Amino acid sequence: MAPTGADLIVTGDVFTADAARRWTEAVAVLGDRIVAVGTEREVRDRITGSPPVLSGACVVPGFQDAHVHAAFAGRILRNVNLDDLGTKDAYLERIGAFARAHPELPWIVGGGWLNVVFGTDGPRREDLDAVVADRPVFLMNTDTHAAWVNSEALARGGRTAAWPDPWDGYAVRDPDGSPTGCLQEGAAYTFRSEVVPRDGVEDWAEAIRVAQRELHALGITGWQDAWVEPDLLRAYRAVDDAGELTARVVTALWWDRHRGPEQIDDLVGARSWGTGGNVHASTVKIMLDGCPESCTASMLDPYEAPFGQAHDRGIQFVEAEALREAVVRLDALGFPVHQHALGDRAVRSALDAVEAARAANGPNDLRHHVAHLQLPEPSDVPRLRPLGVVANLQPYWAQPDPMTVTMTEPRIGARASRLYPIGDLRRSGAVLCFGSDWPVSTADPFAEIEVAVTRRGVGEPEDAPTLDASQAIDLPVALAAFTRGSAYVNHDDDAGTIEEGRRADLAILDRNPFGGTTSEIARTQVLATVAGGRIVFERG
């Protein structure tokens, strides 16, 4: 091959993630392209001059997160962040300290509280009142399906005992009907949209910048933001237009479940004005259901213990007929559809909708995907491959953590034996892509990969409890799902593997994750991240 110039050489054990799962030793980068891959001698023999060298123990393709709420996470990091805490007292101490440090803020907002800390009934307003009584407080939980509010916030929103629950959610209530301060699903979202002041474009832009720094430090060079409304899309455009967006981002345009197909014209318009540079406003996100721990995931059969609220089979936010109409039309317009579905009824509805689109419009390469797939009915698992539906999975949840053991399993009973069937999906031939759902859970790909491989908690020994070890996958498959699989679903055919001619997206690691036990995978740290040929993160 002809000699070539290079701006950078990267060395280490190079896992290419290509179809053959090749290993090699060095990569040369010129501009935003990979121009040479091979042994260190082969690469150096092809390169003219003496470009700088980045060395690590291992090199993998830059990760792509196929389902993340990056801007939401950045917003929490800029406000009250409870993600690293795990007790009510610790939450209250931080909330109070933040409020005291920011007397100028009219609202105290943020998130990250864990359902399991409070149990079935959720947190209460009085606890927040004890630390912030003079201003309203609104805090989403880790999975962003519930909110914790204080008495002042409830008063601002007029949420009294007389306030009726919305059709797509509910307020947890005391015996006299008064809201306790825990709002589930649509009750939380409606409160946020109607009562809490909206962030402006520059607020969202700064949240994107904060999130991008965090994600680049984890080796992530691209992502799909799974909930993007117009102001957030404008913020992505502003950050990119300023030359500050160094990741490639797919923005999943939000389907408003309170509207119908008339919103499609708005989505077509947003795709047109929102796409350019590193922003690809190409996908539509439809959220079909909630979560089993709150009995809001849409189920074919009733919950075992719905704790006194009316939705004994959960809530389906977009019913099957309306969903089929929407997906058929979006498919015809060239939109990949990203469907959130946890419960088995929601998963079936999602697949039925894509099947209807295939019948109406014929085959295509839109790469529709279903996210989460927490509890698909086993007979629906083999349907993904022939329909061309990608399994968009969040592997960190596939462990017997306190949420699963104390809240999810009691709600679903024997169905718990089929939670997160990643192995079955793989064996069925479905294309796998991985995402974190950050800030719902960690954005660290190696923590997520370790759980995918072990079905145990991070760092736990081999004899620790697992969540059905038969659903584990091996490390090369998991790594490929977070690189080439996520690049595939993001229609980023220029990335996901380390091959000549591809875009130079690389993660340089401090250790080879293949070199130790499976319980050590999450110890892997990123030394440097290269996105589009540019070093966007370097540890230290």
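Helices (H or I, at least four residues) and strands (E, at least two) are DSSP runs, numbered from the N terminus. This is a predicted model: local features need pLDDT of at least 70, side-chain atom pairs count only at pLDDT 80 or more, and totals for chains, interfaces and linings use all residues. Residues are numbered from 1 along each chain as its sequence is written, and side-chain values use heavy atoms, without hydrogens or water.

Start with the largest pocket. A pocket is an open set of points on a 1 Å grid over the protein atoms alone, where a 1.4 Å probe fits, with protein on both sides within 12 Å along at least five of seven lines; lining residues have an atom within 4 Å of a point. The lining holds 49 residues, and Thr 142, Trp 397, Val 440, Ser 441 and Thr 442 are the closest to the centre. α2 (70-77), β14 (279-287) and α14 (402-412) each supply at least two lining residues. α14 gives the most, with four. By type, the lining has 24 nonpolar residues (Ala, Val, Leu, Ile, Met, Phe, Trp, Tyr, Cys and Pro), nine charged (Asp, Glu, Lys and Arg) and 16 polar (the others, Gly among them).

Now turn to the second largest pocket. α2, α7 (186-194) and α9 (230-241) each give two or more of them. Here α7 contributes the most, with four residues. The lining splits into 10 nonpolar, five polar and nine charged residues.
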